[in-house]
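Subject: Structure handover

Hello,

Here is the structure I promised to pass on. Please open it alongside this note, and then read on for what turned up.

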Amino acid sequence: MKETTPELLAELVKVGWFKEPHLSVLVRTDFRCEYCGQDLLASFNDCFNAQLDHIHPRSKGGSEEKPNLAACCTTCNSLKWDYAPRGDNRDERLADAGRYVREQRKVQGVMWNRYRELMGR
């Protein structure tokens, strides 16, 4: 991806797609999902799939502070849900959450393929 310029950031804010704290978290990750690596600016649809996740869920006492926020796609955010990752620091918790999301993708993918089979698709 090209360098994130002030002009690009200003345009993203101007059109209303990204505001703080979303924007700074997305810039920190080069607009990629921190769980699966999806480029969240690859297409118009990808842009609308950009979300923030609370690494340690708010439902379990997680904060709104930037170190607890991860850029992610809608799918990873939904799969992680309220999983509280283990670890002593952000990197360890993020890695644990990533492992959990990847496992959920496998499990849910098998289930989805079975549903499609039952629907004759």
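A nonpolar core, as used here, is a set of buried Ala, Val, Leu, Ile, Met, Phe, Trp, Tyr and Cys residues joined through side-chain atoms within 4.5 Å. Buried means under 20% relative accessible area. Keep in mind that this is a predicted model.

**The core**

The largest nonpolar core has 22 residues. Phe18, Leu26, Phe31, Cys33, Tyr35 and Cys76 touch the most other members. At least two residues of this core come from each of H2, strand S1 (50-54), S2 and H5. S2 gives the largest share, with five residues.

**Confidence**

The mean pLDDT of the protein chain is 90. Of its residues, 97% reach 70 or more. Which elements mark the two ends of the range in mean pLDDT? Helix H1 (residues 6-14) has the lowest value, 80. H4 has the highest, 97.

**The fold overall**

The protein chain contains five helices and two strands. Their order from the N terminus is α-α-α-β-β-α-α. The C-alpha trace spans about 50 × 40 × 25 Å along its principal axes. There are 121 residues in the protein chain, and buried ones make up 32% of them. Take the contacts with a separation of 6 or more: residues 24 or more positions apart account for 49% of these. The accessible surface comes to about 7700 Å². Carbon and sulfur atoms hold 53% of that surface.

**Helix H5**

H5 covers residues 90-118, which is 29 residues. From its first C-alpha to its last, H5 reaches 41 Å. That is close to the 42 Å expected at 1.5 Å a residue.

Look at the start of H5 first. There, a side-chain oxygen of Asn89 comes within 3.1 Å of the backbone nitrogen of Asp91. At the other end, Gly120 follows H5, and its phi is positive, near 75°.

Which residues of H5 are buried? They are Arg90, Leu94, Asp96, Ala97, Gly98, Val101 and Gln104. So what covers them? The cover includes helix H2 (22-28), strand S2 (69-73) and helix H4 (74-80).

Over to you.

Best wishes

Technical notes: Residues numbered from 1 in each chain as written. Heavy atoms only, no water. Helix = DSSP H or I, 4+ residues; strand = E, 2+ residues; numbered from the N terminus. Expected span 1.5 Å × (residues − 1). Buried < 20%, exposed > 50% of the residue type's maximum accessible area, 1.4 Å probe, protein only. Contact = heavy atoms within 4.5 Å. Polar contact = N/O pair within 3.5 Å; in protein donor to acceptor, adjacent residues only side chain to side chain. pLDDT = per-residue confidence, 0-100. Areas by Shrake-Rupley, 256 points an atom, 1.4 Å probe, with all protein chains shown as cover.
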